[in-house]
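The sequence and the model come first.

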Amino acid sequence: MIHPTRTNLLMLKGKTASVAGSIAILKARRQALIREFLTAIAPFLDSRDAIRRDYRLGLTELHLSQGHEGREVIESLAAIGEREIGVDIQQKNVMGVRYRDLTVHGELVRTPEERSYDFAATTAHLEESYFLFERIVEAMLEVATFESKLKKLGEEIQKVTRRSRVLEERVLPKLNRQIRSIAQYIGEREREAYFRLKRFKDRREQ
């Protein structure tokens, strides 16, 4: 228990002001993080919708192509067109929140001339399925970047919210109770001192 003195009262008032300032800073940071989260989530959702759409169309075109070219031919062409994809992973920072960002080297979606086979001998269904699945890989790498950023932002929002609530709902009320208790004690002590002094003066005057 804190000793009820004026020094401790001033110390508690200073601490209360500091905690109130910290709460305001945490709330402002939380709002800024939420704005950043909402800004980042819109393209993330668009990308996921585009992947679903392309995947559905890509499977349809692939099945049509299998009907024309045959599964063995498609697998052979896919083996010929294999390539390595260069990806750089960098640490980035937004508002003090670190996340991983992906940078892909080169274009993932190739033209028919870049696919190492005679596209004039195949159907348009195969070209379309090639194009859609390459676009899916490109979009998935973009989504991976968004997911990392959103996950870190979400974790930081939860952390800031917990800290703000602890200060606002536990620390600040406790400090205010201590201030009221000490102020009440000091007030009663001063009133007693005043009446003792007044009684003493009355006796001297008599």
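Is E127 buried or exposed? In this predicted model, E127 is buried, with a relative accessible area of 13%. Its salt-bridge partner is R115, with the closest N and O atoms 3.2 Å apart. E127 sits in helix α3 and R115 in the loop between β2 (97-104) and α3, so the pair links distant parts of the chain, 12 residues apart. R115 is buried as well, at 2% relative accessibility. Both residues belong to a network of salt bridges that also includes R83, R110 and E134.

The count of salt bridges comes to 15. Three of them are listed here, including the one just described.

| Pair | N to O distance |
|---|---|
| D54 and R135 | 2.8 Å |
| E127 and R115 | 3.2 Å |
| D202 and K198 | 3.7 Å |

D54 and R135 meet in a salt bridge. D54 lies in helix α1 and R135 in helix α3, so this contact ties together parts that are 81 residues apart in sequence. D54 counts as buried at 5% relative accessibility, while R135 counts as partly exposed at 31%.

D202 and K198 are four residues apart in helix α3, which means about one helical turn separates them. D202 is partly exposed at 33% relative accessibility, and K198 is partly exposed at 39%.

On the surface, K15, K174, R177 and R180 gather in a patch of positive charge. Helix α3 (residues 124-205) gives the most to this patch, with three residues. K15 lies in helix α1 (residues 6-69) and is partly exposed, with a relative accessible area of 46%.

An unreviewed UniProt entry annotates residues 136-170 as a "coiled-coil region". In the model that span is 100% helix and 0% strand, with its end C-alpha atoms 49 Å apart.

Definitions and conventions
Residues numbered from 1 in each chain as written. Predicted model: local features only at pLDDT ≥ 70, side-chain atom pairs only at ≥ 80, totals over all residues. Heavy atoms only, no water. UniProt positions renumbered as here; feature names shortened; annotations may be inferred. Helix = DSSP H or I, 4+ residues; strand = E, 2+ residues; numbered from the N terminus. Patch = residues over 30% accessible without salt bridge, like charges linked within 9 Å, V, L, I, M, F, W, Y side chains within 5 Å. Areas by Shrake-Rupley, 256 points an atom, 1.4 Å probe, with all protein chains shown as cover. Salt bridge = Lys/Arg side-chain N within 4 Å of Asp/Glu carboxyl O. Lys, Arg positive; Asp, Glu negative; His and termini not counted. Charge placed at Lys NZ, Arg CZ, Asp CG, Glu CD. Buried < 20%, exposed > 50% of the residue type's maximum accessible area, 1.4 Å probe, protein only.
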